[in-house]
Amino acid sequence: MAYRILIAEDSPTMRSLLASTIEDVADAEIVETGTGFEALKVLPRHRFDLIITDINMPDINGLELVHFVKSNPEYQRIPLIIITTEGSSRDQERGLKLGADAYLVKPFRPEALQQTVARLLPREAR
Amino acid sequence: MSDEPTPGAEPLREFLSESEELIEKLGRDLIALDQGLRREGAGEAGAGGVDPELLNDIFRGAHSLKGLSGMFGFKGLTTVSHNLENLLDALRLGRVALDAQVLDLLFAGLDLLGRQVRGVGEGGSEEGADLAEIEAFVARLNEAAGRPRTAATSAAAAGVDPAILAVLTEFEEHRLDENVRAGRGLYRARASFDLATFDQGLAELTGRLKKQGEVVTTLPGAAAAAPGRIEFDVVFATDRAEADLRAALAGLEAEVSPLVAAPSPAGRAEEAPQVPVAPQRPAPGPDADRAEPRPAAGAAQAAEEAESSLRSATQTVRVDIAKLDALMTIVGELVLDKTVIGGIAEEMRQAGGAPTLSGALAKATRSLGKKLAELQERVMEVRMVPLSQAFDKMARTVRKLSRDAGKEVDLVISGADTKLDKLIVEELVDPLMHIIRNAIDHGIETTDERVELGKPARGRIALRAFQKGNHVVIEVEDDGQGIDFDRVRSVAVARGLLEPDAPPLKPREAFDLLCTPGFTTRDTVTEISGRGVGMDAVRTAISQLSGALDLETTRGAGTKMIITLPMTLAIIQALVVATCGRTYAIPLSQVQENLMIAPGDIRTVERREVIQLRERTLPLARLERIFRLRPPDGWRPGGGRADGSLYVVVVGMGERSLGIVVDELLGQQDVVIKSVGELLRGVRGIAGAADLGNQQTVLVLDVGSLTDEAIALAAGRREVG
């Protein structure tokens, strides 16, 4: 069965870039959300195998989403990748401290995303 | 470079369209920032000055652009947006003060970004980017951003829970600090919402809190409050008393408490023992696979709604305008096919062969026609965009040009949500820009002159749009000095366009002269208006959109330019006519009526052919003369009808009516407007080409310019004769 991955990112271009890069290497059903609020709404609807979130979003920031996921017994087992940009080491540190499993710094190469995703997805598909 | 991500065509298009949107939004936000700064400068009562949220939005815009261009490997764009982002970061974090110079720098950066993105759009790469300009600009940015930062964190010192601080972005933390420094109280409002609809409830809560102070952040409570519900803490700063806050939130189930004194924020995981109330769901175990998606009992319905609302939130599709054009062409071709089928049905009926069949075919064709009309309307709707896409650019133009001209000008926009075909909106930008340039350069006086004249010191340009029937009217009105017709006349005489003893100009004649290529009343070429594009270019551009351009002016009080445009372009209803062996289409929207006249009805007044139409005299135009057509052998006007009768199509409006003499009226039909191509561009009297459906392409008459021509001709003759 395919993996299910949640992407929270407000840039549509970035979203589809992330999705297509992942789809190139993994059999994954990707749920895209444009805001943190939308992400909060979809989380209880599906079992996700991976969450990828941007930090700068308009409603709740990515750190708040990380905290929400990682301190909630329902979701804390889901691996989570934060996407930050150059020069935001503060966000990277905080994200990891809040329980994020990995971070990627924009601009990253497609292979970097693919490797991180492959490392974090459960070994066996459900 | 080989290690760069190489974007394909589709991602590149997405990148371009999102970048353009980001840049447009940045432009709007910068204008708002400029206005905030000015209000602050003017010390207006109640003016909040610079809104931190707005500044943060601008920062986020530059940040997104940097992230995107980085992913696509556009180094120049990344460099500029990155450095802009740095400056904006310093601004939003209070390390650099916002003033007019910094704002200019931001606007300049935005201009540069706009040009870079357009460059990428045209060439698909950054080749040809002006690296020197980018470097010089970045140096200026860094100089502005490089001032020392102010005091350090104080929110932590003030005793804010570290668990809250841990999830704040740097900006949110800074806002918390700022508010602590300003002596405001920090509070949180905790509320629980239905998971499916929390954003509405939260918006209401946040909206009310914003009236009391500043909302710093919104934290989702991590532990499940109850199945199907979610808890939020809205952190905000205010100088109001706690009791006032409770009153402000009356009717909402929100609990307000001071942030600093409180032991801990809501529902944090580490506080889990405090919330044992909610029935615990079984921990995810081996059987979880089969239970998916297993919403808790009672939450099923709410979750269902969550799903549907999520769908609606992500259902917007961005579409390349070229794809819509292609769709539109197909719809147009279908409409033409329908016309052909209708013709066959009619032929069948006339041949009298199978009356039931031809009747059924005619009925089916009518039904097809209705559905096609609906399809056509829907596709057109998709192409409609608000005029704000063009108007927002004008706000920047006014700001820049008025500054360059040393004048103070406010732009007042109304009706920006009026919708027009995307293509028309795009094509409007340049003409509008030029009209506004003219208003600033020629119309609005300097501040000193205005004060002396007893006018408000600040000039004003009103940009309005509204719908009028099937048309959209756009007005650009300034409160400047108006157009001096005597001056226009003397310049025209000096350039040999008018005889020295010509009578004083009527408004229409003056306007026509202003629209003569190369005409200017300026002695010197200025940075602003003297770029070789004159009113003639504006008028041509408007007529190519099948629109009309008019002018009203009052000496000393100002000038109003009025643009009337069709709402959509691609398919129009036309009257198809034939003359001199050629076929033409006349947009039906511009036809008043059709007459059949006898040759004896035509009189010649001042060497012009006219007829008497009820109370007025209608000038006539003969296409064979205007287009210098070579008539087929033996052709006579009227197509050789025995009685010599002629058809006259009355076009235009009121004073500006014209009778076009034709041989035959071939009927009304929908025609698909095609691009005229370079060859015909600028040919007076032709608006474009159209397909008739029987593989015949005909020219569409430009009624506006034909009437102009006829009137100009009349004016010229009067002087000579």
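Biologist: What pattern does chain A follow, read along the sequence?

Modeller: This is a predicted model, so keep that in mind throughout. Chain A follows β-α-β-α-β-α-β-α-β-α along the sequence. That comes from five helices and five strands.

Biologist: How many of the residues of chain A count as buried?

Modeller: Chain A has 126 residues, and 54% of them count as buried. Look at its contacts too. Among those with a separation of 6 or more, 58% link residues 24 or more positions apart.

Biologist: Which residues of chain A does a cis peptide bond join?

Modeller: A:Lys106 and A:Pro107, with omega at about -5°. A:Pro107 lies in the loop between strand E5 (102-106) and helix H5 (110-120) of chain A.

Biologist: Now chain B. How do I read the order of the open sheet of four strands?

Modeller: Start with the general idea. Strands of a sheet pair through backbone hydrogen bonds, either parallel or antiparallel. Here the order is E2-E3-E1-E4 in chain B, and the pairing is antiparallel. Strand E2 (213-220) and strand E4 (254-258) of chain B are the edges, each pairing on one side only. From one strand to the next, the twist averages 25°.

Biologist: Which helix packs on that sheet?

Modeller: Helix H7 (residues 170-181) of chain B. Helix H7 touches strand E1 (185-194), E2 and E3 of chain B, and its direction makes about 140° with that of E2(B).

Biologist: How many bridges pair E2(B) with strand E3 of chain B?

Modeller: Seven, in the antiparallel sense; strand E3 covers residues 229-238.

Biologist: What should I look for in helix H4 of chain B?

Modeller: An α-helix has 3.6 residues a turn, so residues three or four places apart point the same way. Helix H4 (residues 100-123) of chain B has 24 residues. Its first and last C-alpha atoms are 34 Å apart, close to the 34 Å expected at 1.5 Å a residue. Its buried residues include B:Leu106, B:Leu110, B:Leu113, B:Val117 and B:Val120.

Biologist: Why does B:Met561 count as buried?

Modeller: Because B:Met561 has 26 C-beta neighbours inside 10 Å, and the cut-off for buried is 20 or more. B:Met561 is found in strand E11 (residues 558-566) of chain B. Leaving out residues up to four places away in sequence, B:Met561 touches B:Ile435, B:Val476, B:Leu549 and B:Leu551. Its C-alpha is 8.2 Å from that of B:Ile474, 87 residues apart along the chain.

Biologist: Which strands pair with strand E19 of chain B?

Modeller: Strand E17 (residues 616-622) of chain B runs parallel to E19(B), joined by three bridges. There B:Leu620 stands opposite B:Gly659. Strand E18 (residues 646-653) of chain B pairs with E19(B) in the antiparallel sense, over seven bridges. There B:Val648 stands opposite B:Val661. E18(B) and E19(B) form a hairpin with two residues between them. In the turn, B:Gly654 has a positive phi of about 45°. E19(B) itself is mostly covered, with five of its seven residues buried.

Biologist: Is B:Arg614, with its positive phi, buried or exposed?

Modeller: Exposed, because B:Arg614 has 5 C-beta neighbours inside 10 Å. Its phi is near 50°, and the residue is not a glycine. B:Arg614 lies in the loop between strand E16 (608-613) and E17 of chain B. B:Cys580 has a positive phi too, about 55°. B:Cys580 is partly exposed, with 19 other C-beta atoms within 10 Å.

Terms used:
Residues numbered from 1 in each chain as written. Chains lettered and ligands numbered in written order. Predicted model: local features only at pLDDT ≥ 70, side-chain atom pairs only at ≥ 80, totals over all residues. Pairing = 2+ DSSP bridges. Axes fitted to C-alpha atoms, helices over the stretch in contact; angles between N-to-C directions. Contact = placed C-beta atoms within 7 Å. Expected span 1.5 Å × (residues − 1). Buried ≥ 20, exposed ≤ 12 C-beta atoms within 10 Å, placed from the backbone.
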